[in-house]
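Please consult the sequence and the structure shown here alongside the text.

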Amino acid sequence: MDTWQRRTLVYVVGLMAVMLAYATVYDAGMSVFEGSPITFLHALQVVVETFTTTGFGSDAPWTSAEMNVLVIVMDLTGVVLIFLALPVLVFPLFEEAISTTVPTTADDGLTDHVVICTLTPRGETLVDELDSWGVDHLILEPDRGRAKDRYEEGYDVIHADPQSVDGLEAARLSAARCLVADDSDPVNTSIVLTAKEVAESVRTVSVVDDPEREQYHRLAGADAVLSPRALLGEGLASKVTTGISAELGDAIEIGEDFEVAELPIHRESELVGRTIAESGVRERAGVNIIGAWFRGEFESPPSPDAVLDNGTVLLVTGREAQLERLKELALSDVRQFRRGQTLVVGHGEVGTTIVNALSTAGVQNVVMDVAEDPGVDVVGDATDPDALSRAGVEDARTVILAIPDDTLTEFAILVIRDLNPSVEIVARAEETENVQKMYRAGADYVLSLATVSGRMLASTILEDEEVISLDKQVDVIRTHAPGLVGQTLGEADVRARTGCTVVGVERDGEVVTDLGPEFRVREGDELIVAGTDEGTNRFTATMGG
């Protein structure tokens with residue numbers, strides 16, 4: 001019984017008790033003060049007529065002052081108990097009756113599905129991955145309003161409590177392939193404990209907010225515990241540590257001496273202001289540009305007339321020496337030898353991970369946070385120009401924003417860009433949908449927690465797909481593609497159909513990277529594909545069957 005049902009029951013019982021009490025008093029009053037005895041049923045009828053303002057029948061008017069006062073009090077009581085209660089009790093009843101009805105149990109035939117408790121932005125990325133692979137999923141949402149919203153958005157959702165045995169049984173957990181606990185740490189451990197009670201053999205994956213609590217998730221019985229915030233911090237820090245020199249540090253190794261890398265164009269690079277054709281990147285470095293991010297928008301392949309600026313991130317393939325030559329072009333001569341400080345704003349889990357990575361790499365850094373802490377150098381608000389000045393933002397080489405609030409991050413980017421137009425801004429986004437706004441505000445590189453988390457979950461759950469690039473803007477996966485078997489890459493036209501590029505093929509234990517249009521895919525080949533999350537999802541949906 002939910003809160004509304006309990007409240008309604010209490011109200012109805014109380015109203016009946018009050019009416020019966022008034023009927024008893026009215027019955028006695030008619031005998032004593034009016035000298036006109038009536039039956040109790042007639043007295044109750046008069047009370048109901050008074051409460052509902054439908055009339056008093058033949059009893060009016062009353063000659064005694066006592067009975068007139070009693071009727072006045074009954075009138076007022078009826079108005080309070082009935083008409084003032086309508087907005088609280090009756091209106092919600094009508095609203096619920098005409099609103100969308102959210103299912104409370106899964107379909108009887110649902111099997112081999114992923115049970116998601118509950119849906120967060122990172123879960124939305126996971127759902128996209130599951131849909132692309134044709135894997136059924138079911139979301140459990142204990143809040144009626146959120147369940148209704150998700151249902152109307154088209155998600156497969158039921159209104160049930162994932163911490164209860166009844167809720168997980170309603171989701172057919174015993175027939176599922178996996179359960180994902182994606183709430184707060186205490187709730188997640190409760191969900192895992194309940195899941196082991198309902199179906200001990202079903203695999204459970206728990207997302208941890210605080211890495212120090214990981215052991216408790218495992219003690220609860222979680223088969224896999226993921227800590228996406230730590231990985232996000234490492235990914236953001238890598239954009240600074242690999243930018244100190246021309247050495248390449250965060251490329252994705254595909255085969256022997258062949259890699260895929262994201263290379264941001266820095267503000268003082270000689271490439272800024274030139275088109276891709278004018279830059280001569282392919283001729284000068286020997287790399288192959290398979291895509292590029294222009295202020296958060298991905299193009300694959302990029303137009304030769306596209307202009308490179310400080311917000312451009314190139315997605316390239318090549319051998320290590322070739323990528324290092326491109327890195328030298330992407331950096332500026334000044335930047336390669338100037339080791340200015342890095343300002344880290346936010347000292348939560350992500351910020352702490354960033355600071356540790358920077359310190360390990362020998363990168364000088366200053367930490368700023370709104371709360372005083374032993375690891376914080378400057379206490380202040382990221383949107384306060386005076387506080388940022390105290391932290392040395394005007395002289396900083398890079399600012400990393402690790403704030404868990406996208407709105408504050410967007411505002412902070414504007415303030416920082418105003419104080420230091422040449423500083424490089426690396427930002428964390430909680431939700432993928434806010435990444436583009438941060439680029440428009442002036443960020444140079446943005447990585448979404450929802451994207452990193454969703455990829456981690458997908459890579460953990462899906463056996464047919466290995467996500468290689470968890471902490472990059474681009475998604476690089478290793479997967480089979482039965483739909484391409486027997487076709488050449490030219491015939492399949494993968495890039496035009498999906499926006500992805502096949503950068504390597506693993507065949508008979510060896511990785512082939514010299515892929516021309518005539519390369520024919522064979523049975524058993526494992527393809528290495530690079531593109532956006534949407535692009536790789538299209539690839540698996542289009543070429544996976």
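Why does the distance between the end C-alpha atoms of helix 15 (residues 349-360) agree with its 12 residues at 1.5 Å a residue? The expected span of a helix is 1.5 Å times one less than its number of residues, so helix 15 should span 16 Å, and its end C-alpha atoms lie 17 Å apart, which agrees.

The structure is a predicted model, in which local features need pLDDT of at least 70 and side-chain atom pairs count only at pLDDT 80 or more, while totals for chains, interfaces and linings use all residues. Residues are numbered from 1 along each chain as its sequence is written, and side-chain values use heavy atoms, with hydrogens and water left out.

**Overall composition**

The protein contains 22 helices and 22 strands; these are DSSP runs numbered from the N terminus, with helices being H or I of at least four residues and strands E of at least two. Of the 545 residues in the protein, 53% are buried. Here buried means under 20% relative accessible area, exposed means over 50%, and partly exposed lies in between, with a 1.4 Å probe and protein chains only. Contact means heavy atoms within 4.5 Å. Among contacts between residues at least 6 apart in sequence, 64% join residues at least 24 apart.

**Helix 15**

The buried residues of helix 15 are Glu-349, Val-350, Gly-351, Thr-353, Ile-354, Val-355 and Leu-358. An α-helix has 3.6 residues a turn, so residues three or four places apart point the same way. Just after helix 15, Gly-362 adopts a positive phi of about 75°.

**Two helix pairs**

The table gives the packing geometry of two pairs. Axes are lines fitted to C-alpha atoms, for helices over the stretch in contact, and angles run from 0 to 180 degrees between N-to-C directions.

| Helix pair | Angle | Axis separation |
|---|---|---|
| Helix 2 (residues 40-52) and helix 3 (residues 65-83) | about 60° | 7 Å |
| Helix 5 and helix 22 (residues 533-543) | about 20° | 7 Å |

Angles under 35 degrees count as roughly parallel, over 145 as roughly antiparallel, 65 to 115 as roughly perpendicular and the rest as oblique. With an angle of about 60°, helix 2 is therefore oblique to helix 3. On the side of helix 2, Val-47, Thr-50, Phe-51 and Thr-52 meet residues of helix 3 including Val-71, Met-74, Leu-81 and Phe-83. The residues of this contact of helix 2 with helix 3 comprise seven nonpolar, four polar and one charged. In this division Ala, Val, Leu, Ile, Met, Phe, Trp, Tyr, Cys and Pro count as nonpolar, Asp, Glu, Lys and Arg as charged, and the others, Gly among them, as polar.

Helix 5 packs against helix 22 at about 20°, and helix 5 is therefore roughly parallel to helix 22. Asp-128, Glu-129, Ser-132 and Trp-133 in helix 5 meet Asp-533, Asn-537, Thr-540 and Ala-541 in helix 22. The contact of helix 5 with helix 22 divides into two nonpolar, three polar and three charged residues.

**Individual residues**

Asp-128 belongs to helix 5 (residues 121-133) and is partly exposed, with a relative accessible area of 44%. The C-alpha atoms of Asp-128 and Arg-538 are 9.9 Å apart, although 410 residues separate them along the chain.

Thr-409, in helix 17 (residues 406-419), counts as buried because its relative accessibility is 0%. Not counting residues up to four places away in sequence, Thr-409 touches Leu-401, Ile-403, Ala-427, Arg-428 and Met-438.

Ser-300 lies in the loop between strand 10 (297-299) and strand 11 (312-318). Leaving aside neighbours within four places in sequence, Ser-300 is in contact with Ile-290, Gly-291, Arg-495, Gly-499 and Thr-501.
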